[in-house]
Amino acid sequence: MKGQPPDKGILPKRSSKRKNGKAAPSPVDRWFAEQGWTAQPFQHETWQYMSLQRSGLLNAPTGTGKTYAIWGGVVNAALLDTARAKAPGLRAIWITPLRALASEIAESAQRMCEATGLPWTVGSRTGDTTAKQRAAQKKQLPHLLVTTPESLHVLLSQKGSATLFKNLDWFVADEWHELLGSKRGVQVELALSRLKALRPRIGIWGVSATIGNLEEAMAVLLGVDPDADPDLTSEEFPTGRYDRGVLVRAQISKPIEMHTLLPERVEHYPWAGHLGLKLAKQLLPVIEASTSTLIFTNTRAQAEIWYHHLLEIAPDLAGAIALHHGSLDRKLREWVEHALDEGRLKAVVCTSSLDLGVDFRPVETVVQVGGPKGVARFTQRAGRSGHRPDAVPRIWFLPTHALELVEAAALRTAIGTNNVEPRQPMVRCFDVLAQYLVTLAVGDGFYPNKLFREVRSTFCFQGINAEEWAWMLTFITTGGSSLQAYDEFRKCAMDEDGLLRVTDRRIALRHRMSIGTIVSGASLSVKYLSGGHIGTIEENFINRFRAGDVFWFAGRSLEFVRVRDLTAFVVKSKATKGKIPSWQGGRMPLSSYMAHILRDQFAHASPTTGAAPELIAVQPLIERQRRDSIVPAENELLIERFKSRAGHHIVVYPFEGRVVHETIAALLAFRMSLLKPITFNMAMNDYGFELLSDQPIPIEEAIDNDLFSDAHLLDDLQRSLNATELARRRFRDIATIGGLVFEGFPGRHMKERHVRGNSALFFEVFSEHEPDHLLLRQAYDEAFNVQLDLPRLQAVLQRIAGQRIVLKDPERFTPFAFPIVVDRLSGMNLTSEQVEDRIRKMTEKLEKP
C-alpha cells in the first residue's frame, strides 16, 4: 500500500523549472546519474513526499538504498530554498539504535551534501563521542546530526536546548522496527513530542524492515492526533496540521536463497547442542566458497564457543576469522567492522551486534547457528548478505539439534510467503516518563500543564489521566508520600512563574550520567595485567573465579589474576580448555508466529512430493515418534506419561516456546496440587515441558477439571508463580530507569548486590506504605504482560481448549520427550562430561529393540 495523496493545505511552494515538458531532475537525481546509478521508484516516491513536507514510514528490503532515499529527500527539500539552506543550525536529526552505525550513516550524508552542493556539515553524537567533539558541538551543532535515543535526551537536558532545535526540519528514526516495542522507542516518542511542540511543522520519517504491523509502527512514531482530544488542541498543535503519514513500500522482490546443512545421520533421540559443533566441518566449504561470511549465533557465549571451535578444526583460518559481540572492547569491534568492510576477513562469528544496518559489501553469505526464534530476525540476518539492489541474500541454516530441522522447514515456508511477526509498542512506561521529566527539568525546565498536552500526544502515554500526571509531578518534586523526608528525591522545584526545574548541580550531574533505558547486570572491565582493555564480563560470572582459573573470552585463553577497582586483571594462557562466560538474558523467546508455523510443520511432517529437504532428513526421528507415540495433528494436544527411576513424568507439547511453557508448567503444577498434595520438578524447551514427581500424577482427573482453562487465570498465576518475586525482579530495572537507584559514576559503578539491595528496599517500602505507587504497579504489569506475556498465554489456553487432548503411555522416552529430559539433567549439578555420559547411556538403552 502506497501513501495517500498529500493534503493540499500543507503544500509548499515548488520550483516550476521544467525541461521538455517534464519536471527538471532533482540535485540528487543528477548525482545518482553521475555515479551511474538509477534511482529506485520507492526512492523517487520518498523524495516526492518529502518535498511536500509529508511525514511517513519507508519500508524496503535491506541493501536497496533506504539511507539514500531519506537523506536524498532531506537534501532535495533543503535545496528548494537556497537562502534557508545557507542558514546555520541543526536541520535534521537521524536516530540510530546502534552507535556502530552512526559514522557510516554520517559519511553517506556527507557525500551527498558535497556532491549536490549543499553547504551543510554532518556530525554524529553517541556515547563514543569524545569530550572535545562534544564541546565543539555545544558551541555549534552540525546541520545533520546522527545520534542515539540516549544522546538526544542528553541534548534535551542542556540549558538552552530549545534554541538548539529552533531550525529543525526533519527527524528520522532508522531501524524503527528495532526501537519499537522497547523503552528506547518510548524515549524516541517522548523526544518527538517535545520537538513537535518546538517545531510544529517538523517532518518525521521512520525507516523499517518488514514487520507485521507497519501501519501501527508508523502511527506510534508520528504520535496521537492532538485534535482527537479537545484537551490537546493548543497553539503547539495547530488545528488541521496533524499529518497521519504516508507508508512507502519498496516494490522490490529480493527472494532469500536458503540452504540447510543437513547431518549425514539424524539421531532418533536428539538433545539441545548435540548436533551443532558436529556440523562445523561441513561449514568450512561454505566459508571457503564466499568472499566473506557472517556466522550468527543467538548468544555471546555461543559465539565464543564457535569462534574457538572453528580455529581448532581449521587453524589456517587464524587471521582470517574474527569475533564480534557487544561485550568486546569498542576498538576491537571497530577493527573487525573495518576489516570486514575492506574484505580482509573470510568470516566473522557474531551476535545481534551485527544484525542491523551496517553495509558490508564483501559479505556474500550468512550462517544462522540454531533456531533464530523468529522469522523477522532470520530475514533481517539474511539481509546482511547481498547488500546491493541486484544481489541475492544467501543464508545457511545450521541446526544445533535434529528437531531444529523442522524449524528450518518452517522458516523456508515463512520466507516464501513474506509473513513476519508484528512488534508490539509499549504503553504506560512510567519509569521512562519520570526520567524524561527530570531530563527536561535539568535543561530549560517545563510548565506542567503545557507538557501534559505534549506527553498525551504520544502513543505510549495517550491514556495517562490527570491524577496520574499529578502523581508523577509529586514524585519528581517530593519523592512521593513514602520518600518525602529525603532531600535527594526532591529533584525538581517550581519557581514563581510555575516553571519546574532542577537547581541542584549534583542532582543534574547524576541524572545526566543516568539517562537511558538499557539496564544490564553489573559488569567488570577485563584488562591485561600489562595493560590493554579486552572487554566487559558480568560480575556474577567473574566472582566465581580464583587466581589461576582459565576462561575463554574475546577468542583468547585468559588466566584470571585478581579483581581490583571493578577491573578483572588477566594474563594470556596456553591452556586449551577453560570456562566460557555467561551473560544474563541469553535465551530468546520463540515468537507466536514462529510457534504457529512450527506446529503446522510438525502436523504435516510427511515425506510427500515436494517436501522441504529438512523434513525429508528428519523423517527417521518422526517415524520413531509415530512408532512410540504420535505426532499431534493441528487439532490435537499430545500428553505423554512415563515412569522411570527418576519418578513419574508427564510431558505436554503445546509447541509455544520455552517462556510460555515455563509459565504453563507452573500453572498446571499448581492446579494439580489442588487435587492432591504433590510436588513437581519442571523442565522445558521450545516444543514442550515436563512435570516430574515422586508419586503418580493425577492427569486424567486434572483434565476432567478443566486443567487448561483460562478461567481465573490471573489469580492462579499469582498463586503459582510468586507474583511478588516476579514483580520484584522487574522493579530492579524500573527503579534504575526511574531515578530511584543511582548505579554510580563512570569507572565507579555500584556493585550489583548493592543495586539489587537498594531496589529491593524501595520495593518493600512501597508495597507496605504506598501500594498504588505507579512504578510498583508498573512492575506487576510488566511481570504479567511482558515477562509472562499474559495475552499470549490466554490465547494459547483458548487454543488448547478447542483441541482434542491425546494422552499416551509410551514404554520409553520418545524422541520428542528426550531433549526435555536432557535439559533437566543439564540443569543439575553435573559436569558436562557427566551429563554426556548419562545421555550416552540413555540413548544406548533407548535404541535397544
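Visitor: Which residue of β8 stands opposite Trp 170?

Guide: In this predicted model, Trp 170 stands opposite Gly 203 in β8.

Visitor: What makes β7 and β8 a pair of strands?

Guide: At least two bridges are needed to call two strands paired. Strand β7 (residues 170–173) is joined to strand β8 (residues 203–208) by four bridges. The two therefore count as paired, and they run parallel.

Visitor: In what order do the seven strands of the open sheet stand?

Guide: The order is β5-β6-β4-β7-β8-β3-β9, with parallel pairing. From one strand to the next, the twist averages 15 degrees.

Visitor: Why are β5 and β9 called edge strands?

Guide: Strands β5 (122–125) and β9 (246–249) each pair on one side only.

Visitor: What makes β5 and β6 partners?

Guide: Four bridges join β5 to strand β6 (residues 144–147), and the requirement is at least two, so they pair. One of the facing couples is Ser 124 with Val 146 in β6. Together with helix α6 (residues 131–139), β5 and β6 make a right-handed β-α-β unit.

Visitor: Which strands does helix α2 touch?

Guide: Helix α2 (residues 41–51) packs on the sheet and touches β3 (56–59), β7, β8 and β9. Its direction makes about 160 degrees with that of β9. Helix α10 (residues 183–198) lies across β4 (92–95), β7 and β8, and runs at about 170 degrees to β7.

Visitor: Why is Thr 439 called buried?

Guide: Buried means under 20% relative accessible area. Thr 439 has 0%, so it is buried. This residue sits in helix α17 (residues 430–442), and His 153, Leu 156, Ser 157, His 511 and Ile 515 are the residues it touches, leaving out those up to four places away in sequence.

Visitor: How do you know that His 511 counts as buried?

Guide: His 511 has 10% relative accessibility, and the cut-off is under 20%, so it too is classed as buried. His 511 lies in helix α20 (residues 505–514). With residues up to four places away in sequence not counted, it touches Gln 435, Val 438, Thr 439 and Val 442.

Visitor: How do you know that the buried residues of α31 are on the same side?

Guide: The buried residues are Leu 790, Arg 792, Leu 793, Val 796, Leu 797 and Ile 800. They cover an arc of only 160 degrees around the axis, which puts them on the same side of α31. The face turned away from that side carries the exposed residues Pro 791 and Ala 801.

Visitor: What covers the buried residues of α31?

Guide: The cover includes α22 (592–603), β23 (636–644), α25 (658–673), α27 (713–720) and α30 (774–787).

Visitor: How is the length of α31 set against what is expected?

Guide: Helix α31 (residues 790–801) has twelve residues and reaches 16 Å from its first C-alpha to its last. That is close to the 16 Å expected at 1.5 Å a residue.

Visitor: Why are β25 and β29 said to stand at the edges?

Guide: Five strands form an open sheet of mixed pairing, in the order β25-β26-β24-β23-β29. β25 (681–684) and β29 (804–808) each have a single partner strand, so one side of each has no neighbour in the sheet. The twist in this sheet averages 20 degrees from one strand to the next.

Visitor: What makes β23 and β29 a pair?

Guide: They share five bridges, and at least two are required, so they pair. The sense is parallel. Among the bridges, Glu 636 has Arg 804 in β29 as its partner.

Notes: Residues numbered from 1 in each chain as written. Predicted model: local features only at pLDDT ≥ 70, side-chain atom pairs only at ≥ 80, totals over all residues. Heavy atoms only, no water. Axes fitted to C-alpha atoms, helices over the stretch in contact; angles between N-to-C directions. Contact = heavy atoms within 4.5 Å. Expected span 1.5 Å × (residues − 1). Buried < 20%, exposed > 50% of the residue type's maximum accessible area, 1.4 Å probe, protein only. Arc of directions from axis to C-beta. Right-handed = clockwise from strand over helix to strand, strands pointing away.
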